[in-house]
Amino acid sequence: MSIFSKYEGLASALSAVTAGGGRNPFNVVIEKPISSTVGLIEGRETLLFGTNNYLGLSQSPAAIEAAVDAVRAYGVGTTGSRIANGTQGLHRQLEERLCAFFRRRHCMVFSTGYQANLGTISALAGKDDYLLLDADSHASIYDGSRLGHAQVIRFRHNDADDLHKRLRRLEGTPGSKLIVVEGIYSMMGDVVPMAEFAAVKRETGAWLLADEAHSVGVMGEHGRGVAEADGVEDDVDFVVGTFSKSLGTVGGYCVSNHDGLDLIRLCSRPYMFTASLPPEVIAATMAALTELENRPELRVRLMDNARRLHAGLQAAGLRTGPQASPVVSVILDDVAVAVAFWNRLLDLGVYVNLSLPPATPDQHPLLRTSVMATHTPEQIDRAVEIFAVVAGEMGINRAA
């Protein structure tokens, strides 16, 4: 028996997606980025609406120059983990910058955003603790729960009342209770009512971790995320995020005012046993953070673009999520239709993400778009026009 036999179902599902000569939607190659909003795919200039590059900073000239300078000064890698030989002065500088940005005392930088959730959650919530997770939580959050062996209790998506009921049932039960929510959820782009969850946290004595991966640089007067926008930063014990969205690089972090965070450096396995970020990435991230801080107009433009895309897709008769955010998903009912729609969009020069069950809420296939501050109104209108053309070709005439 083959060691891969357990994946026969997955192989069949992939074959169905690529049947009839269709593309593999999980293996699209952007051969060359021409700008933050246009890339070369299959030799054609293609509008990029599936990159999570919210502020367009992956192509920041300042970040590029900072990376080049760092390579010349420090070399290309660290060759070690943070607790071995992998901590350089640049890592400490970035942690200090993030502390100042978030107005927190402590920061840990991880090698990816996935590892930030994996390493933080698994270290905070052990086998005798409880993790209370939103039903739509990201895979990295669930994987963190498995690595830490905490007892997991799921509550209904964005439902603080349901969370409160579940915490009341745990009254008097030994072990810490850690609530984990996301600022903006990555599939539908819906925003957490953070103030409501902060109130539950205060009333029950639980701890609160906010994954602001998709909301830092997007929400709040200074771009610190939904907790800032809702005025409840002091109620959030831990903020986890990534550099690979609004900052355009790679890596992750956890910031907190709790002194115990530094102890996690000695027990978080993804932190202890992974090589640290190379100096060029650290330098580019700091340069991008400076742009995020000094250019608030990027956030304004981003949200203007999000509203334009959201309204345009709805006006084209397509069903979207309930609110405009940098993630705007078109909801379809049939996987085969979604696959065909996605392929046709790429034929006509628009790249989006195809998200399929079981990774999507309510088991609906999604055409997931992410908008950028650097998209022009003309590019957004062109993408909407192409969506409308494909919807017409496929007989999708109005929102369900």
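Two strands are taken to pair if DSSP finds at least two bridges between them. In this predicted model, strand β4 and strand β10 (residues 252–256) meet that criterion, being joined by 5 bridges and running antiparallel. Within this pair, C107 has V255 of β10 as its bridge partner.

The β4 and β10 strands belong to an open sheet of 7 strands, whose order is β4-β10-β9-β8-β7-β5-β6 and whose pairing is mixed. Its edges are formed by β4 (106–110) and β6 (151–155), each of which pairs on one side only. From one strand to the next, the twist averages 20°.

Strand β1 (residues 32–33) pairs with strand β2 (residues 38–41) in the antiparallel sense over 2 bridges, and K32 stands opposite L40 in β2. These two strands, β1 and β2, form a hairpin with 4 residues between them. Strand β2 also pairs with strand β3 (residues 44–48), in the antiparallel sense and over 4 bridges, with I41 standing opposite R44 in β3. In the hairpin of β2 and β3 there are 2 residues between the strands, and E42 takes a positive phi near 55°.

## The largest pocket

The volume of the largest pocket is about 970 Å³. Its lining comprises 43 residues, of which H138, A139, S186, M187 and A359 are the closest to the centre. The elements that give two or more residues to this lining are the helices α4 (113–124) and α5 (139–148), together with the strands β9 (238–242) and β13 (353–355). Strand β9 is also a member of the 7-stranded open sheet. By class, the lining of the largest pocket divides into 19 nonpolar, 16 polar and 8 charged residues.

## The second largest pocket

The second largest pocket holds about 300 Å³ of space. It is lined by 14 residues, and those closest to its centre are A13, L14, V17, F26 and L356. Two or more residues of this lining come from each of α1 (8–17) and α12 (335–347), and α1 gives the most, with 5 residues.

Which classes of residue make up the lining of the second largest pocket? It has 13 nonpolar residues, 1 polar residue and no charged residues, whereas the lining of the largest pocket includes 8 charged residues.

## The annotated domain

For residues 46–386, UniProt lists "domain: Aminotransferase class I/classII large", and the entry is unreviewed. In the model, the end C-alpha atoms of residues 46–386 lie 12 Å apart, and the span is 40% helix and 16% strand.

Conventions:
Residues are numbered from 1 along each chain as its sequence is written. This is a predicted model: local features need pLDDT of at least 70, side-chain atom pairs count only at pLDDT 80 or more; totals for chains, interfaces and linings use all residues. Side-chain values use heavy atoms; hydrogens and water are left out. UniProt positions are given in the numbering used here, feature names are shortened, and annotations may be inferred rather than shown by experiment. On a 1 Å grid over the protein atoms alone, a cavity is a set of points where a 1.4 Å probe fits but cannot get out, and a pocket is an open set with protein on both sides within 12 Å along at least five of seven lines; lining residues have an atom within 4 Å of a point. Grid points are joined across faces, edges and corners, and a volume is the space filled by probe spheres set on the points. Ala, Val, Leu, Ile, Met, Phe, Trp, Tyr, Cys and Pro count as nonpolar, Asp, Glu, Lys and Arg as charged, and the others, Gly among them, as polar. Axes are lines fitted to C-alpha atoms, for helices over the stretch in contact, and angles run from 0 to 180 degrees between N-to-C directions.
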